[in-house]
Amino acid sequence: EICLLFCLFSLFRGIYFRGETGDDVVNVFYQKVTALPGDQPPVVMVTYLHFLHIRQGGLYWVATTTADSSPFTIVEFLNRLAALVKDYCGGLSEKSVQMNFALIYELLDEVLDYGHIQTTSSDMLKNFLQSEAVSSRPFSLFDLSNVGLFGADTQQSKVAPSSAAARPIQASREQGGRSEIFVDVVERMSVVVGSNGVLMKADVEGEIRVKCFMPSCSEIRIGLNEELSIGKSQLRGYGAAVRVDRCSFHQGVRLDEFDSHRILRLCPSQGEQTVMQYQLTDDLPTAPPFRLFPTIERDGTGRLILFLKLRCDLPPKSSAVNVCASVPVPKGAVSLSQELSSPDQSAELQSQNRAVVWQIPRLAGGTQLSALFKLDVPGLSSASMLEVGPVGLSFELPKFSATGLQIRFLRLSPVQPAPSQRWVRYVTHSDSYSIRI
Amino acid sequence: MPYLGGEETVRELKRALSNPNVQAEPLRYRNTVLRVVRAMSQGVNVSGLFSEMVKACATVDVVQKKLVYMFLCSYASLNPELSLLVINTLRKDCQDPNPMVRSLALRNMSNLRLPSLVEYVEQPLTAGLRDRAACVRRVAVLGWAKLYNLQPGSDIDAAVVNELYSLLRDPDPVVMVNCLRALDEILKEEGGVVINKPITHHLLNRMKECDVWGQCEVLRVLQRYRPQSDDELFDILSLLDASLVSPHPPVMAATLSLFLSLCADLPAVSLAALERVSGPLLAACGSGSREMRFTALCHIQLLMRSVPGLMGPHFKRFFCGYAEPAYIKQRKMQIMVELVNDENVSMLLDELKGYCTDVNTDTAQAAIQAIGHIGRSYSDRCLEILTGLLGLKQDHITSAVVQTLRDLVWVCPQCSDTVCSALEGCEETLQDSQGRQALLWLLGVYGDGVSSAPYTLEAFIDGVKSEVSLGVKMELLTATMRLFLTRPAETQDMLGRLLHYCIEEETDMCVRDLGLLYYHLLKCGIEETRNVLQGRRSDPSLGVLIGRPAQPISQWACSFNTLEPLKKGGTVTQTASRGSPEHEASKPKTAVELPETLDCSTISPIPLFWKCWRLKLSVV
C-alpha cells in the first residue's frame, strides 16, 4: 500500500492516503536526498520510513510504503502516474505540475483510494476528471524550432514537429483539438566497440508507442514488415530479414493477424501507450552507426594530443543529430586548444566531469569529421594514458530504426468522419554507445 | 505570482469566499476555492477558512465540490465540530442521481477520519455496497476498511464481512480486488482474508479481467492458499504460466513469488520457474526507466544466489552504460563478478578496466574491488591491471587498489611476491585511513619481501603524533611488531620509539592498551610474541575460490518482490575494505585461542584489547 505520495521540487506537496503524516515527512526525504551528491538509489530509508522514488521530468515522484510491498509494482505505478500526468497536462515539468495541481489532485483521487491503486487506464479516468488542463505553452504545428526530428511516413510532404504530441489529451474534446494519431517507433541502442574497432556488444531495445488524440477511435491496424522474424530460429521471407529476439505486447493488442501478416490490431485509449516492446541482442542488421578512429600521444612538452576522426556509417539519406562525444581525460587537465573540422561544432573541457565534450549538431550519413585537441596536463605520465578511457557517444537518429523495423501501413476503422491525421515517426537514441580506446 | 505572507493570503481569501458577489458567479467562486487549495498545497495554513469552505461545498459544480472535499479532508481532524455540518451535504450527495457525485461523497465521507462521525457514515456505506454503479461499490468497499481502522479493536460486524465476501463475485473486477484488500485489513488479526478452494478458483478464473494492479493483488493474496493435491497444484501452475512471463514486471514478480510459495517443497519446480522468469527479468533490466532497471538487477542478484549460472550467457547485458547512475553501475559490477568464466574473463576484465578511472570515485572503487574479486580465480591478469592502476598516483584509486591487494593476498597467498613488489612508493599517494591501514597490514605481514618496508614504517612513526585516525595507529603498532619479528635489526629502534610514544604520550586508551600489551608480550620472550602475532595466516586451502555455492531458494524466497533486495549493499556482503582480513575471517576462533597462549600475568589487558577491536570494527 502506498501511504503517502508526493512529487518534489515543486509547490505540489503531497497527498496523504493513510495515517496522520505531515509535511515533515516530505522534508525528511528532501533533506536525505539533497544531503548527498549524485543520484540516490530508488529506495531511501529514514528510520522506519521507506521512500521509493523515481525521477521523471526533473521531478522526484515519491511514495512512502511498507518494507514488504512490491518494488516492481510501485516503480511501475510511479512511472505510469508520471505518464498520466504528462498525458493530461501536455508535458512533464515543474511548471506544468504547478499549473495543473488541481487536475493532478483530481487524478490522484481517482487513481489511488486509501493507498490502493484503483485504475490507471485513461479510458476509465477520462470519465471522472473534470478540471481542464492548462497547457504550459501554446501549441503550434509550425513550431519550427523542432522541425526535422521525426519523419512522417504516411504523409511524405509534411513533417510533424517533435513537440506536436506534447499537449493535453483532453484538449481534443473541448478545445477543438485536431483528431490525430501518432505511431512512434522508438529504439535505444547500447553498443560497446572494442579498442580494435570490433563490435563487442550491440543491443537494441525498441518499442512502438501509440499516442492517440481521437475522441472516437474504434480500432487501428498497424502493419509491420512482413518479413519480421522473432527469435533465433524463425526466418521469414527472402533476403535480409528484419529480426528481433523477443517481443511482448500490450494486453489490449489482438494478435490474430500477427503470425500470418504481422498486423497488430488494437483500440487505443486516449493518451500514450506502449503497444509493443522488443529486444535485439548482438546482431545488428547494419553496421553500427558510428566509428571512431582515435590517435593519442604525448608530445615533447608534456601535452596530451588527441586526434579523433568520427565517421558516420548511416545510409547517405539519413543523418544523426545532437551528436555529443565525451572523451575522458586525465585528472588535472587545465586547458584545451582545439581544431575542429567545421564551425558548427564545439568542444569544451568539463573539469568536474574530467572530460572533453565535443558537440556536433548534425552529421550526415557517409561523412567524416575530425577534431584535434591539445590538453595541458601538469605531471602527465605514461600511466595517465589509462585515464583516457572509453569515449561515450550520445546521439539521435531521426527517421531511422536500428533493427530495420518499419510500419507498412496504419489504418483506422471505421474510417473517421472528420479529417484525421496519422503520423508515423521513427527515432533511434543512444542508450549507451561507448568506444574503447 | 507574488508570494504573499501566509496570514495576509488567508485574510484575503476569507474576504473573497464570503463575498456574495463572488458566490453568485460560479466561475469566480470556483477560482477562489482553487486559490485556497493552491495555498494549501504550498504549505500555507488555511485551516481558518474551514467554515467558509463548508459553505462552498453546497454547489452543483463538481470541480468545486472536489476541491472543497480535498480541503475538508485535510483539516477535518482540527475542526471536529464544524465537520458535523458537512455530513449533511455529504449524505445528501450520496442520494444524488449522478453516480460520480455519489462515489465522490462516499469516498470523502470515509476519508474525514473522525471517530465521532462513524455513526453517520455506516448507513451510506451499507447502501453503497448495493449501489447500481460499480464506481460507488468500489468506494464503499474500501470505506469499510477505513472505518474499521478508525476504531481499532471494535467488534467486527459479521454481516458486513459476509457482504464483502459475497461481493467477491461482483461483476466489476476492481470491486472484487477491493474486497480482498478491505477484508485483509478488517480481518488483520485473524490472518486476513480466508482463501479456500472455491475462492482460489474463482479468483484465478477472473484474473484476466483485472488490470495489472488487480492481478498483482490477487496473486499476492493467493500466496496463502495451499493446494490440496499435486494435481490441483500443477493445474494452478499451468494456469499461471502466462503471467510468469508477462511483459509487465509487477505481474511477473508477483507470479514468481506465488510460484515459490506454492512450490516450497518442490525445489526442482521452483528452479524451473527461475529459469523461465529470467527472460522477462532481463528485459526489465533494459527498461527505459532506470528505477525499474535497478529493481530488476537487484532481483537478478537474488535469483543468482540459487542458480549462479542463470545469467551466464547474457553477461554482456550487464555492461554499464556510461550515463547510468552509480548505484546501477555498482549492482551491474556485482553481477559481472559472479558471471566470470574462462571464456568471458578477458572481455569482462577489459570492461571493468574502463570503469576504474570513472569520474565517480564510488564507481571507480567498486570496479577495482570487482577486479580483486575476479583475481581470486584469475590472479595473474587481475594483478597486472591492479598494479598498472597504481601508476596513476591518484589517492582514491591507490587506496582502493591497496585494500583490494590486501584482501586478495589473504585469500591467495601465492600472489604475495607480485603484491610486495607493487607496494613500493604507494605511501606517497595514499590519503585516507582505510588505504593506509591496508598498506600497514601488508607491510607488517609481508615486510620481509618489501625492501623499503622499515623506511615506510619509520615515516609513519615519525608522524604518529599528528595522526588522527585510531585505526591507523593500531595497525601501525601491530605492523611494526610484526616487522620486528622478521627484520629485528632494522626495526628495533623505531619500535622502541613507537611503544614509548604509545604508552607515555598517547591519550587514546585503545592505542595505549595495545602498546602496553605488546610491551608485556615482548617481556615474555620472542617466541611468545611470535606465537601471538604470527600465529594466524590464511589457510592456503582457501586458494582458488570460484563463485559461491548455490543456496536453497527458501533462504531468500520471502524477500523476493519486497524492498529488501533494493537496500544498500543488497545481497552481496561486503567483506572488502573493512579492517584487516584476519579479524573478519577468524575472529571467533582467535578469541577462544588467545588466552591459552599467554600466561596469567599478561591476561589483564586482553579483554580490553578485544574490546578495542570490537569498538574499532563498529566505529569503522
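A search of the whole structure, a predicted model, finds 15 cavities of 30 Å³ or more. The largest cavity has a volume of about 210 Å³, and those closest to its centre among its 19 lining residues include residues of chain A and of chain B. Between them, chain A and chain B bury about 7,000 Å².

**Largest cavity**

- The lining residues closest to the centre of the largest cavity are A:S190, A:K201, A:D431, B:R317 and B:K332.
- In chain A, three strands each supply at least two lining residues: β8 (179-193), β9 (199-212) and β25 (420-435).
- Strand β8(A) gives the largest share of this lining, five residues.
- By residue class, the lining holds nine charged, six nonpolar and four polar residues.

**Extent of the interface**

- Chain A contributes 84 residues to the contact and chain B contributes 81 residues.
- Of the area buried between chain A and chain B, 57% lies on carbon and sulfur atoms.
- On the chain A side, A:F72, A:F101 and A:Y114 lose the most area to chain B, and together they account for 11% of what that side buries.

**Polar and charged pairs across the interface**

- There are 28 residue pairs in polar contact between chain A and chain B, counting pairs with both residues at pLDDT 80 or more.
- Eleven salt bridges are found across the interface of chain A and chain B.
- A:E106 forms a salt bridge with B:K66, with the closest N and O atoms 2.7 Å apart.

**Make-up of the chain A side**

- Helix α2 (residues 71-89) of chain A provides the largest share of the side that touches chain B, eight residues.
- The residues on this side of chain A comprise 31 nonpolar, 29 polar and 24 charged.

Notes: Residues are numbered from 1 along each chain as its sequence is written. Chains are lettered from A and ligands numbered from 1 in the order in which they are written. This is a predicted model: local features need pLDDT of at least 70, side-chain atom pairs count only at pLDDT 80 or more; totals for chains, interfaces and linings use all residues. Side-chain values use heavy atoms; hydrogens and water are left out. Contact means heavy atoms within 4.5 Å. Buried area is the accessible area (1.4 Å probe) that two parts lose on being put together, summed over both. A salt bridge is a side-chain nitrogen of Lys or Arg within 4 Å of a carboxyl oxygen of Asp or Glu. A polar contact is a pair of N or O atoms within 3.5 Å; within protein, one must be able to donate a hydrogen and the other to accept it, and residues adjacent in sequence count only if both atoms are side-chain atoms. Helices (H or I, at least four residues) and strands (E, at least two) are DSSP runs, numbered from the N terminus. Ala, Val, Leu, Ile, Met, Phe, Trp, Tyr, Cys and Pro count as nonpolar, Asp, Glu, Lys and Arg as charged, and the others, Gly among them, as polar. On a 1 Å grid over the protein atoms alone, a cavity is a set of points where a 1.4 Å probe fits but cannot get out, and a pocket is an open set with protein on both sides within 12 Å along at least five of seven lines; lining residues have an atom within 4 Å of a point. Grid points are joined across faces, edges and corners, and a volume is the space filled by probe spheres set on the points.
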